[in-house]
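Good morning, and thank you for making time for this presentation. Please bring up the model on your screens, and I shall then go through its sheets, its interface and its cores.

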Amino acid sequence: MNAPLPVPQATSTTCPYCGVGCGVKATPDGQGGAIIEGDAAHPANLGRLCSKGAALGETIGLETRLLHPMVRAGDGDLQRTDWGTALDRVAEGFRRVLEAHGPQAVAFYLSGQLLTEDYYVANKLAKGFLGTANVDTNSRLCMASSVAGHKRAFGSDTVPGAYEDLDQADLIILTGANSAWCHPVLFRRMAAARQARGTKLVVIDPRRTATAEEADLFLPLAQGTDAALFSGLLVHLADAGALDAAFIDRHTEGFGETLAAARAETPDAAATARITGLPEADVARFFALFRNTERTVTCYSQGVNQSVRGTDKVNAILNCHLATGRIGRAGMGPFSLTGQPNAMGGREVGGLANQLAAHMGFAPEDVDRVRRFWDAPHMAGAEGLKAVDMFAAMARGEIRALWVMGTNPAVSLPRADAARRAMAGLDLFVLSENVVGTDTAGCAPHVLLPAVAWGEKDGTVTNSERRISRQRPFLMPAGEAKPDWWALAQVAERLGHGWAFAFETPAAIFREHAALSAFENDGTRDFDLSGLKDVSDAAYAVLAPVQWPVRATPEGPDGTARLFAEGGFFTPSRRARFLAPAPVAPAPVAPGFPLLLNTGRVRDQWHTMTRTGLSPRLGSHIPAPVLMIHPEDAAAAGITGGGLAEIVSAHGRVVLEVRLDAGQKPGTLFAPIHWSGATASDARVGALVHPLTDPVSGQPDLKATPVRLAPVAAETRGFLIARAAFSARAPLSPPPGLHWARARLEGGHGWLLAGDADPAAWGAYAEALAAGAGCAESLVELSDPVGGHYRAAAFTASGALAFALVLAPAGTAPAWDAFARLLAAEQIPEGDRRAILSGRAGGGACGPLVCACFGVPRGAIEGAIKGGCHDTAAIGTALKAGTNCGSCLPELRRMLSETLVPA
Amino acid sequence: MSEPLVIIGNGMAAAKLCEELSARALGRHAVAVVGAEPTLAYNRVLLSEVLAGRMPAADTELKTAGWWRAQGVTLLYGTPAAAIDRAARAVVLADGQRLPFSRLVLATGSHPIRLPLPGADLPGVTTFRDLADVDALLKAARPGVKAVVIGGGLLGLEAATGLAGAGVDTTLVHVMDRLMERQLDATAARLLREAVEAQGVTVELNAHSEAVTGETCATGLQLKDGRLLEADLIVMACGVRPNADLARAAGLACNRGVIVDDRLSTDDPDIFALGECAEHRGLAYGLVAPAYEQARVLAAHLAGRPAAYEGSTVSTNLKVSGVPVFSAGDISGTGTEDIVLNDRGLKIYRRLFVRDGVLQGAVLFGDTADGLYYLDLITNRTPIAELRTELAFGRPALAA
């Protein structure tokens with residue numbers, strides 16, 4: 001009898017995507033991958049996962065990993081090296097820049113993907129030992145306005161509530177938050193509350209998102225007028241006698257002036273409706289809902305934050321909750337939904353240029369306190385440069401050394417083309433990454449350091465409800481990858497600061513971080529982990545998810561679900577402040593750029609797709625970058641749905657496929673942020689975005705860049721799909737002269753192609769492709785030069801599909817689904833091979849994936865609806881679609897209404 | 001009382017006509033079939049299979065003796081017709097028998113062409129047309145024997161691959177620069193050449209025959225370029241000409257073949273002709289499909305129903321040594337747009353010829369399953385704009 005195989009233990013860890021911070025159970029499959037499940041014991045998600053989390057197992061392979069350090073050689077090429085050499089080069093580079101140009105010439109650009117421990121060490125090194133506060137992160141692009149708004153109102157960067165409030169609310173307001181797509185697990189909690197207690201949902205958003213389609217009341221307000229809507233609400237609450245006078249009196253200040261300012265701008269619903277462009281009746285209904293519903297949670301996200309008026313918008317929201325005392329109590333409160341998994345953790349350690357550490361700023365006593373705690377020789381004494389300013393300083397040559405960790409600023413920053421040029425001109429550019437081939441890695445780094453990735457990382461993250469959770473490793477580090485904190489400490493040692501960075505474990509870093517939070521705190525700072533400052537390695541290993549502040553009690557460390565119900569704010573007066581937002585100004589006129597470009601996420605992708613882009617399932621919902629446009633705007637520009645459009649701003653240009661969307665407000669466009677130079681030819685939307693920032697938070701206004709657009713001729717459409725082994729061996733360049741976007745497919749990659757090119761020319765390209773793959777003798781071709789068709793395919797020696805190329809006149813190319821399915825097959829039966837170029841081989845339902853969790857394509861759902869499934873529950877029973885994360889439920893409902901109502 | 005209907009010729013056209021007649025006008029005619037060959041009607045297309053030893057001769061039989069009996073057809077095979085006595089309305093057989101007819105159908109097929117080369121009458125030189133030829137070739141074909149087949153058309157290819165299949169060291173000589181030049185374009189012809197060579201046939205193109213060498217029997221074929229190809233057997237398979245001998249002798253209007261109108265009637269309204277011997281609108285077809293179409297029309301006409309034959313779109317649909325080849329319509333490639341599907345691995349090739357939004361011609365190699373689909377599109381002049389994208393992949397799949 002065989003000995004039983006050891007059953008691999010499931011490791012409890014935390015999802016690395018959005019700020020919901022879902023608990024994940026990962027069980028290694030013994031082949032480098034893992035089986036992923038939601039962790040039912042984790043309070044954030046109670047076992048649920050969204051499509052992205054559920055697909056994590058597809059994204060932890062080694063195919064794109066950076067496996068060893070690399071340094072730039074004299075000829076400019078990156079060459080493999082050992083860690084010692086690479087770290088010497090980093091330390092030497094910093095030393096030279098510090099000596100020649102001083103600490104202001106040194107900068108760190110970090111990431112909300114980093115663990116708190118990595119963040120802590122980076123912040124300590126920069127601000128305490130190199131003497132620069134130029135430590136900013138991609139969180140600046142994400143929630144800096146919420147931080148600033150919180151600090152202005154509360155005196156601290158505190159999210160007062162907890163996810164439980166969503167379960168217990170009777171009214172949930174989502175403003176600037178497409179939660180159905182971007183925080184699906186929370187949206188499911190909201191949906192459950194609506195089911196259980198009839199919670200009403202109000203969605204405030206200039207575009208009709210998937211979230212808006214679920215709303216009881218949808219308020220498609222004019223771009224940038226959110227603050228006026230909430231100021232109008234404040235006036236209404238005052239006029240209707242719905243204020244909590246006791247709370248205002250006891251715990252706040254500045255109410256009178258703020259109300260007066262609000263009254264001046266928005267004296268009533270009619271005035272509010274005028275400014276926001278909403279029907280007065282809808283405004284009045286919104287006011288009444290808020291007035292009459294004690295248990296109200298207002299969630300806000302990037303639509304509020306990423307704005308030149310982001311901080312004002314946050315304060316306008318906070319004003320209404322403070323004025324009604326609806327804060328810090330069950331089922332009520334303002335709620336910033338964070339974009340990133342550890343944006344809050346980064347804030348905790350001071351991972352922003354305008355924060356020092358542990359929620360302390362640059363007040364002299366704070367600087368002194370932290371200096372004493374660290375025994376720091378070179379304390380930064382003033383705020384550093386925030387992201388946009390930092391890259392501008394880089395472009396001017398004022399910053400000469402940069403260390404980027406775990407983010408892709410060449411894609412994501414405003415004026416991304418300028419950011420790319422700025423990085424390429426540095427004296428020292430260090431990039432810590434876990435994948436190769438990012439756009440940022442293409443900006444001539446001097447040193448590439450391989451970082452451990454999710455599944456290998458060991459530390460903590462903090463989610464949107466202040467909950468600290470462990471990210472635990474369940475895989476060995478890939479290649480020579482190391483934790484970022486280790487690399488930082490090694491550089492610190494080489495610069496003579498080894499004694500202050502002698503961390504042996506992430507637990508040791510966490511203890512120091514917790515101790516700093518407790519240091520001379522005495523209740524003066526919200527962020528307090530005193531209960532964990534002596535956590536043992538063993539206790540850290542099994543640390544249960546806990547919400548800060550965490551203080552020591554006789555029963556052990558506690559945790560805090562909510563704050564501020566009884567006041568206790570962290571301003572000098574301990575009172576919350578009302579702040580009057582600046583009145584809504586008319587949108588600046590940009591001659592020649594008549595439209596406003598809004599940017600954001602799509603349902604199944606994350607950031608610049610370096611990880612979600614590895615999942616075939618996640619790539620199927622929206623495989624190529626698109627531009628959403630109102631049909632009237634499209635008609636005016638001579639652009640048709642499915643065609644290509646060039647979008648030009650003062651800063652750059654992109655070319656995107658057009659989708660007509662009547663839910664898009666006329667005059668505004670929407671484009672997803674995810675595609676980079678690595679995944680598409682002309683879709684780096686960041687290159688368009690203007691560098692305007694919120695004056696308080698420094699957060700860039702990513703949602704209202706003036707642009708113009710023009711149609712782009714694209715008579716030829718099609719795709720190239722290639723088997724993974726083949727495309728990895730000989731990296732494919734798509735056919736020249738065409739616009740392309742790449743997506744991961746089961747078994748390989750696909751490039752969607754569009755352009756205006758002669759299909760007759762593709763024979764030579766296909767021939768070269770086949771020759772390169774060693775399978776020229778198996779080439780199959782269809783050519784119809786007059787008809788504009790060219791198709792080709794070739795097969796490996798063992799009979800698997802090596803690649804398929806299809807080019808056709810626009811509108812006549814087959815979908816790639818049928819072809820893509822064949823990539824996964826080890827061998828194509830001869831019978832199917834005959835039909836290969838027809839797209840008839842393979843069979844099965846096709847179309848874009850609607851349900852990414854269970855891989856259900858549009859065709860199958862249409863079939864089920866026609867076959868008698870007349871609600872989402874029936875579809876779920878038949879196909880499982882929509883029964884996991886639920887983020888496709890809006891789409892299912894739309895398909896139901898479209899399919900069941902005869903056209 | 002049934003009218004006497006006499007059919008001269010016992011080939012595929014005659015058999016099809018009898019079959020069509022029996023389906024339409026059973027008992028209207030007393031049918032007699034007169035055949036020169038001493039066998040029941042057989043499928044000439046399969047002769048190469050018999051030659052290659054892949055099929056016994058008996059299996060080529062189109063209909064059983066029992067079938068013929070059941071139709072009430074009088075079969076007079078092995079007895080050639082010698083003359084038509086139009087005045088007496090009777091066919092005179094070689095043995096002197098006279099068969100009166102009220103209606104007469106000529107289905108006399110064609111003669112194989114014998115090149116007028118010096119030495120062409122030597123023993124060892126044969127044609128490839130009927131079972132007698134096959135018998136003769138089979139008797140001579142043994143491993144070690146060398147054969148030269150003259151003619152790179154359908155007949156020559158079948159003879160050559162048949163002989164090679166029988167173990168004969170076979171060379172095919174063809175005067176043109178590619179095989180089956182009237183049916184295939186250069187690519188399909190090259191693929192066919194490769195397939196034929198894979199069967200062990202040596203192919204010589206641009207090869208002009210000058211003379212058969214040998215004193216008492218053939219020993220080789222002399223080419224005009226000076227080469228001498230040794231051969232014990234020389235098969236002339238370079239085409240056929242309509243056999244209009246009886247008609248011409250009877251004074252019926254003839255050109256290359258017996259001239260017929262759209263009812264397949266000669267200039268004598270009671271005498272008809274079909275198949276390879278007939279010439280309709282200036283065309284004498286050398287293929288079986290037009291003969292079958294003519295048989296259907298003629299049967300209808302004889303059954304008293306209006307029917308007209310308006311010509312056939314020429315198509316070739318055959319297997320050359322197991323490789324399916326199809327050709328139809330105008331494949332000259334002049335003034336047409338090409339749609340080409342080429343699968344190197346599976347050796348499947350399709351070239352479609354389009355003009356004015358209509359399919360004009362098609363060449364298929366390796367997979368001819370859609371040949372008749374294309375033939376329909378060509379014949380019916382179906383507009384293909386809607387089909388163009390998928391055209392090369394054949395008949396659209398039925399909607400699920």
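**Sheets, interface and cores**

Strand 13 of chain B and strand 14 (residues 220–223) of chain B are paired in the antiparallel sense over four bridges. Before I continue, the conventions: this is a predicted model, in which local features need pLDDT of at least 70 and side-chain atom pairs count only at pLDDT 80 or more, while totals for chains, interfaces and linings use all residues. Residues are numbered from 1 along each chain as its sequence is written, and chains are lettered from A and ligands numbered from 1 in the order in which they are written. Helices (H or I, at least four residues) and strands (E, at least two) are DSSP runs, numbered from the N terminus. Two strands pair if DSSP finds at least two bridges between them.

I turn now to a sheet with strands from both chains. It is open, with 11 strands in the order 30(A)-31(A)-29(A)-34(A)-33(A)-32(A)-23(B)-24(B)-25(B)-22(B)-21(B), and its pairing is antiparallel. Its edge strands, each pairing on one side only, are strand 30 (739–745) of chain A and strand 21 (315–320) of chain B. Here the twist averages 10° from one strand to the next. Strand 21 of chain B runs antiparallel to strand 22 (residues 323–329) of chain B, and six bridges join them; K319(B) stands opposite P324(B) of strand 22.

Which helix packs on this sheet? Helix 9 (residues 371–379) of chain B does, touching strand 21, strand 22, strand 24 (348–355) and strand 25 (358–365) of chain B, and its direction makes about 160° with that of strand 25. Y373(B) is found in helix 9. This residue is partly exposed, with 15 other C-beta atoms within 10 Å; a residue is buried if 20 or more other C-beta atoms lie within 10 Å of its own, exposed if 12 or fewer, and partly exposed in between, with C-beta atoms placed from the backbone. Leaving aside residues up to four places away in sequence, Y373(B) touches G394(B) and R395(B), where contact requires C-beta atoms, placed from the backbone, to lie within 7 Å.

Where do the two chains pair strand to strand? Strand 32 (residues 780–784) of chain A and strand 23 of chain B pair in the antiparallel sense over four bridges, and V780(A) stands opposite D343(B) of strand 23. Across the interface, 17 residues of chain B are in contact with 20 residues of chain A. Strand 23 (337–343) and helix 10 (388–391) of chain B are the elements that give two or more residues to chain B's side, and strand 23 supplies the largest share, six residues.

Next, the interior. In strand 16 (residues 233–236) of chain B, both faces are covered: L233(B) and V235(B) on one side, and I234(B) and M236(B) on the other, are all buried. In a regular strand the side chains alternate between the two faces of the sheet. Strand 16 pairs in the parallel sense with strand 9 (residues 125–127) of chain B over three bridges, V125(B) having I234(B) as its bridge partner. Strand 10 (residues 146–150) of chain B also pairs with strand 16 in the parallel sense, over four bridges, and there V149(B) has V235(B) as its partner.

The largest nonpolar core has 316 residues, and those with the most contacts inside it are L17(B), L106(B), L192(B) and L274(B). Such a core is a set of buried Ala, Val, Leu, Ile, Met, Phe, Trp, Tyr and Cys residues joined through C-beta atoms within 7 Å. A second, separate core of 115 residues includes I204(A), I248(A), L579(A) and V584(A).

Finally, chain A as a whole: its secondary structure comes to 31 helices and 36 strands, and buried residues make up 63% of its 903 residues.

Methods
Contact = placed C-beta atoms within 7 Å. Axes fitted to C-alpha atoms, helices over the stretch in contact; angles between N-to-C directions.
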